[in-house]
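The sequence and structure come before the details.

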Amino acid sequence: MSKQTSPGRRLRLGMVGGGQGAFIGAVHRIAARLDDRYELVAGALSSKPDVAAASAAELFIDPDRSYASFEDMAKKEAAREDGIDVCAIVTPNHLHFPAAMAMLDAGIHVICDKPLCMTVEEAEQIEAKVAQTGLLFALTHNYTAYPMVREARQMVADGKLGEIRLVQVEYPQGWMATKVEDTDNKQASWRADPAKAGMGGALGDIGTHAHNLANFVSGLDITELCADVDAIVEGRKLDDNVQILLRYENGARGMLWASQVAVGHENGLRLRIYGDKGGMEWAQEHPNHLHFSPLDGRPELLTRGGAGIGEEGLRGVRVPPGHPEGYLEGFANLYTDFADQLTAHLNGSEPDPASLLVPGVVEGLKGMKFVEAVVRSGRDGAVWVKM
């Protein structure tokens, strides 16, 4: 059923997953409301009907629009005149594919948490379905929407670093340094379960973020990689530490390290890129700063919203320089950019080109091909494999 939107109303949002006890669902809800572009009106918030109903009540969702399954939600919302415009999928990885396909088959646009799905084959099916339906699809690699990350991307595109030679990206955490999946830690239990997480542990959870960030800023794709894949904690079924050598399409070399057993690290995502004219460094735990070192000039510390920042870096800045912005605002920037795209789509107009940096199925498929290649390389003894 055709739906129209205008500045006169918020976009109607549904959610799959994200009920009581979930972490990322609340993050998505905050992000969706930060710029007041969405209203959460429906949900299949848990696979347990009682939890789904209780969660919906807490969020003031009409009981008639609280569903026991995403299949039922897709069917019934598509039939409503006031049905949802878009659905956010915030479940463990194994449900991304069936939930996304159910929504796309029902004509509903999708915002999906990363990684896209469980396998390359599933990713290809989602990509084909999006192409077939013409629906919009966003993948919430939220770090791409930090203002200083977008500034870094634009600086690379403008040639400030020259020809890229080296790409170094790391994402260390320490929260799984013991076998926490055997406790009542809900976040750890599904991430350590191949049936729910997929091929990769730390690789799929945070390695995909590192891979996506490096590609987004450098503008380069990986052509070959060589991976050492480990489950360091005894008895763990999936990797908790990966170290990967990279070769990029322009001949640049790189390294990617992702670990969830690096004691002392909390969320240490860090990117360094070096070209023949300069280098830059950005760290997620200090997200409002970007270090730039030109070859023949003084090192510079660029600040979010500060002097000399370009249009890409200023888009999504909400508060004056010196006031920290980060994780929640990055998510919100994706939601707001996607709202711009979706509003234009529903009104039959062209979106603002600045809103088109939101990752989608193309990036999701690249991420799954990356995971598959890393697993294959590690399984075969850390050999070089082509992407």
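## Residues with positive phi

Ala 382 is partly exposed, with a relative accessible area of 31%; buried means under 20% relative accessible area, exposed over 50%, and partly exposed in between (1.4 Å probe, protein chains only). Its phi is near 60 degrees, a positive value in a residue other than glycine. Ala 382 sits in the loop between helix H12 (361-379) and strand E14 (384-386). Helices (H or I, at least four residues) and strands (E, at least two) are DSSP runs, numbered from the N terminus.

Phe 60, also not a glycine, has a positive phi of about 60 degrees. This residue belongs to the loop between helix H2 (49-58) and helix H3 (70-79), and is exposed at a relative accessible area of 78%. Most residues other than glycine have a negative phi, and most peptide bonds are trans.

## Basis of the values

This is a predicted model, in which local features need pLDDT of at least 70 and side-chain atom pairs count only at pLDDT 80 or more, while totals for chains, interfaces and linings use all residues. Residues are numbered from 1 along each chain as its sequence is written, and side-chain values use heavy atoms, with hydrogens and water left out.

## Cis peptide and cysteines

The peptide bond between Lys 114 and Pro 115 is cis, with omega about -10 degrees. Pro 115 is in the loop between strand E4 (109-112) and helix H5 (120-133).

The count of disulfides (pairs of cysteine sulfur atoms within 2.5 Å) is zero. For Cys 112, the nearest cysteine sulfur is that of Cys 117, 8.1 Å away. That distance is too far for a bond. Cys 112 is buried, with a relative accessible area of 0%, and Cys 117 is buried as well, at 1%.

## Salt bridges

The whole structure contains 27 salt bridges, each defined as a side-chain nitrogen of Lys or Arg within 4 Å of a carboxyl oxygen of Asp or Glu. One of them pairs Arg 9 with Asp 85, the closest N and O atoms being 3.0 Å apart. Arg 9 lies in the segment before strand E1 (11-16) and Asp 85 in the loop between H3 and strand E3 (86-89), so the pair ties together parts that are 76 residues apart in sequence. Arg 9 is partly exposed at 25%, whereas Asp 85 is buried at 3%.

Glu 181 and Arg 236 form another salt bridge, with closest N and O atoms 2.8 Å apart. Glu 181 is buried, with a relative accessible area of 12%, and Arg 236 is buried at 8%. A network of salt bridges links Arg 37, Arg 150, Arg 315, Asp 337, Asp 340 and Asp 352.

## Helices H6 and H9

Helix H6 (residues 147-157) packs against helix H9 (residues 202-218) at an angle of about 45 degrees, with the axes 7 Å apart. Axes are lines fitted to C-alpha atoms, for helices over the stretch in contact, and angles run from 0 to 180 degrees between N-to-C directions. The two helices are therefore oblique to each other; angles under 35 degrees count as roughly parallel, over 145 as roughly antiparallel, 65 to 115 as roughly perpendicular and the rest as oblique.

In H6, Val 149, Arg 150, Ala 152, Arg 153 and Val 156 meet Leu 213, Phe 216, Val 217 and Ser 218 of H9, contact meaning heavy atoms within 4.5 Å.
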